[in-house]
Amino acid sequence: MSLVMTAPIAGDRRGRARVVIAGLVVLLIVAALASLCIGPSGLSTAEVAGLLSDALAGRFDEISTVNHVILFDIRIPRTLLGAMVGAALALAGAMMQGLFRNPLADPGLVGVSSGAALGAVLVIVLGGAFLAPVMDFLGIGALPIAAFFGGLGTTLLLYSIATRQGRTSVGTMLLAGIALGAIAGAITAYLVFRSNDFQLRELTFWSMGGLGGATWKKLGLALPFIIGVFLAMPFTARGLDALVLGESEARHLGFNTQWLKSLIIFVVALAVGVSVAFAGIIGFVGIVVPHVLRLVIGPEHRTLLPATALLGATLLIVADMICRTIVAPAELPIGIVTATIGAPFFLSILLRKRGVIDL
Amino acid sequence: MLEVENLTVRAGKRDILDRVSLKVVPGQLTAVVGPNGAGKSTIMKAVTGELRPAHGSIKLDGKNVAAYPAYEMAARRAVLPQASSLAFPFTVHEVVRLGTSGALSAADRAARVAAALIRVDLNGFGGRFFQELSGGEQQRVHLARVLCQVWEPVVDGVPRYLFLDEPTASLDLRHQLLTLDTARAFAAAGGGVVAILHDLNLAALYADKIIVVSAGRIAADGPPREVLTDEMMRQVFGVSVHVGGVPTDAPFILPHSARAA
């Protein structure tokens with residue numbers, strides 16, 4: 001970036017986007033620090049600061065204290081998982097909306113999350129039976145991998161149903177999404193019905209979702225998925241902009257649209273798979289975050305995608321803070337908070353864009 | 001040069017195009033005319049690589065179009081669609097910038113966008129939202145985007161091409177003339193232009209060559225004076241009109257006068 005400030009060019013919102021992104025970085029850091037300091041255990045901010053500065057200075061001598069465990073084995077992994085899942089869900093939403101050329105496409109609404117959940121439930125219920133050799137090989141990593149394939153399958157199906165000759169019908173997409181979600185839900189319910197007591201407990205625990213189960217091990221498993229999602233951003237941004245004009249226009253502009261669409265579907269499945277596997281189904285993050293940011297910095301994906309990741313991470317961290325403080329020492333499922341914020345939001349978009357749905 | 005030989009395109013069992021052969025020479029404006037459903041847009045889709053032909057060959061500068069990777073095709077030719085809507089609130093500047101090469105610096109891209117907007121008579125529209133413009137203005141924004149994509153008509157001795165699908169469809173008369181003037185200038189500078197036109201007067205006025213498409217075949221191909229005849233109008237368009245004659249006592253507007261002046 002040049003140091004000389006030039007007058008902004010009319011219609012060019014990149015300068016504003018850079019300022020907003022810088023602001024979002026600060027916001028994310030503040031939210032993350034707040035998340036480390038807030039909780040039912042009564043760990044004071046000063047104690048957290050002390051522990052953090054000790055760790056940064058490399059002093060780990062008091063490793064066994066309760067405070068140390070609360071901060072380093074509970075709150076930090078939980079905050080990091082929240083950031084990862086929030087960023088992944090928001091990015092998946094932004095990318096799907098670009099692919100379907102519609103601001104209402106959200107992995108949670110169009111059945112992709114249900115497909116991913118089906119993958120995860122399959123592993124939990126059948127993991128002890130005939131999937132046992134696979135489970136032995138993959139261990140706990142089988143959960144996100146199965147969720148990824150569940151999400152991938154659903155997205156591919158949805159895209160092939162709703163898109164004909166490069167034109168996506170919004171009505172077909174939403175209705176097909178409902179149907180696919182229902183099918184995945186029915187199979188999931190059947191598996192739950194067939195499961196034994198032990199599996200049932202595991203399923204119940206998993207299906208409540210939320211970030212409560214965060215551990216360093218899960219973070220380590222989630223990381224490669226998240227890295228994959230982030231690496232794809234620069235390769236999809238310009239292509240997503242071109243896709244907004246239409247698929248043939250994108251091809252005329254020089255994009256290999258087949259490859260581009262495959263990459264986007266793959267990345268969406270990665271993001272949703274890892275989120276569902278480790279945090280359950282969390283809706284509406286993928287709709288609210290990109291929509292708000294499009295209003296502020298415009299829809300150009302080169303700036304929209306990083307801003308979306310930052311705000312998604314912040315939103316989920318904040319939502320999680322609300323969950324674990326509002327009914328402390330109990331915890332509210334995080335889906336309640338995101339749906340409470342997101343559903344009215346979705347309705348307001350729908351009301352303003354009723355013409356877009358054209359069933 | 002764009003060379004199409006024996007191009008056949010099928011939809012189901014029906015031949016939409018039946019052994020179509022044509023040539024587009026750089027430095028010329030080639031107009032494609034014909035009644036609705038004759039196959040004009042299908043020819044356009046086939047030569048821009050959007051449709052796979054059942055038979056025949058389409059060669060751009062000696063090489064089969066299917067053999068060019070998408071990015072290389074994009075460097076050689078730009079395509080103006082008939083109409084295209086946007087799902088998200090892009091500004092005019094952002095839409096036109098999509099046509100500029102990522103290899104340019106940010107300042108150069110902005111300058112190119114501004115210059116293209118001036119060419120389509122939309123100076124100062126950069127900050128407006130695309131979705132809030134009128135249909136004709138939107139079409140000119142896309143023209144500016146397409147012009148950005150192939151800004152120099154000839155690069156290193158290799159001509160570039162503009163494919164325009166009804167570029168004047170929703171424009172007022174002034175902007176119809178302006179758009180075709182721009183296309184002519186592109187051809188005059190050595191580029192190739194193919195335009196689907198419905199207004200035969202405009203085609204006669206601006207084209208070096210007119211290709212008449214009828215029921216999936218080429219009905220006539222040549223300079224306007226040879227192609228536009230009473231006989232062709234009756235056979236292809238099914239209207240008995242007198243070409244070159246002035247109507248009785250009804251008032252009429254002669255776009256030709258704009259260029260004569």
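Strand β4 (residues 55-60) of chain B and β5(B) pair in the antiparallel sense over 2 bridges. Here strands (E, at least two residues) and helices (H or I, at least four) are DSSP runs, numbered from the N terminus. Two strands pair if DSSP finds at least two bridges between them. B:K59 has B:N64 in β5(B) as its bridge partner. The model is predicted: local features need pLDDT of at least 70, side-chain atom pairs count only at pLDDT 80 or more, and totals for chains, interfaces and linings use all residues. Residues are numbered from 1 along each chain as its sequence is written, while chains are lettered from A and ligands numbered from 1 in the order in which they are written.

The pair β4(B) and β5(B) belongs to an open sheet of 4 strands in chain B, ordered β2-β1-β4-β5, with antiparallel pairing. Its edge strands are β2 (14-24) and β5 (63-64) of chain B, and each pairs on one side only. Helix α1 (residues 40-47) of chain B packs on this sheet. Helix α1 of chain B touches β1 (2-11), β2 and β4 of chain B, and its direction makes about 115° with that of β1(B). Contact means that the C-beta atoms of two residues, placed from the backbone, lie within 7 Å. Axes are lines fitted to C-alpha atoms, for helices over the stretch in contact, and angles run from 0 to 180 degrees between N-to-C directions.

Another open sheet of chain B has 6 strands in the order β6-β9-β10-β3-β11-β12, and its pairing is mixed. Strands of a sheet pair through backbone hydrogen bonds, either parallel or antiparallel. The edge strands are β6 (77-80) and β12 (217-222) of chain B, each pairing on one side only. On average, neighbouring strands of this sheet are turned by 15° against each other, direction ignored. Helix α6 (residues 173-188) of chain B packs on the sheet and touches β3 (29-33), β9 and β10 (192-196) of chain B. The direction of α6 makes about 150° with that of β10(B).

Strand β9 (residues 161-165) of chain B runs parallel to β6(B), and 4 bridges join them. B:R77 has B:Y161 in β9(B) as its bridge partner, and B:A78 stands opposite B:L162. β9(B) also pairs with β10(B), in the parallel sense, over 5 bridges. In that pairing, B:L164 stands opposite B:A195 in β10(B). Of the 5 residues of β9(B), 5 are buried, so this strand is largely enclosed by the rest of the structure. A residue is buried if 20 or more other C-beta atoms lie within 10 Å of its own, exposed if 12 or fewer, and partly exposed in between, with C-beta atoms placed from the backbone. B:Y161, B:F163 and B:D165 point one way from β9(B), while B:L162 and B:L164 point the other way. In a regular strand the side chains alternate between the two faces of the sheet.

Helix packing in chain B includes α4 (residues 106-119) and α5 (residues 135-149), which meet at an angle of about 130° with their axes 9 Å apart. That angle makes α4(B) oblique to α5(B). Angles under 35 degrees count as roughly parallel, over 145 as roughly antiparallel, 65 to 115 as roughly perpendicular and the rest as oblique. α4(B) passes α5(B) in a right-handed crossing. A crossing is left-handed if the near helix is turned anticlockwise from the far one by less than a right angle, and right-handed if clockwise. B:R112, B:V113, B:A116, B:L117 and B:R119 of α4(B) make the contact with B:A144, B:L147 and B:C148 of α5(B). By class, this contact has 6 nonpolar, no polar and 2 charged residues. Ala, Val, Leu, Ile, Met, Phe, Trp, Tyr, Cys and Pro count as nonpolar, Asp, Glu, Lys and Arg as charged, and the others, Gly among them, as polar. B:A111 also lies in α4 of chain B. B:A111 counts as partly exposed, with 14 C-beta neighbours inside 10 Å.

Chain A has 15 helices and 2 strands. Of its 359 residues, 49% count as buried. Helices α12 (residues 285-297) and α14 (residues 334-352) of chain A pack at about 60°, with their axes 9 Å apart. α12(A) is thus oblique to α14(A). Their crossing is left-handed.

Between the chains, 25 residues of chain A are in contact with 26 residues of chain B. α9(A) gives the most to the side of chain A that touches chain B, with 5 residues.
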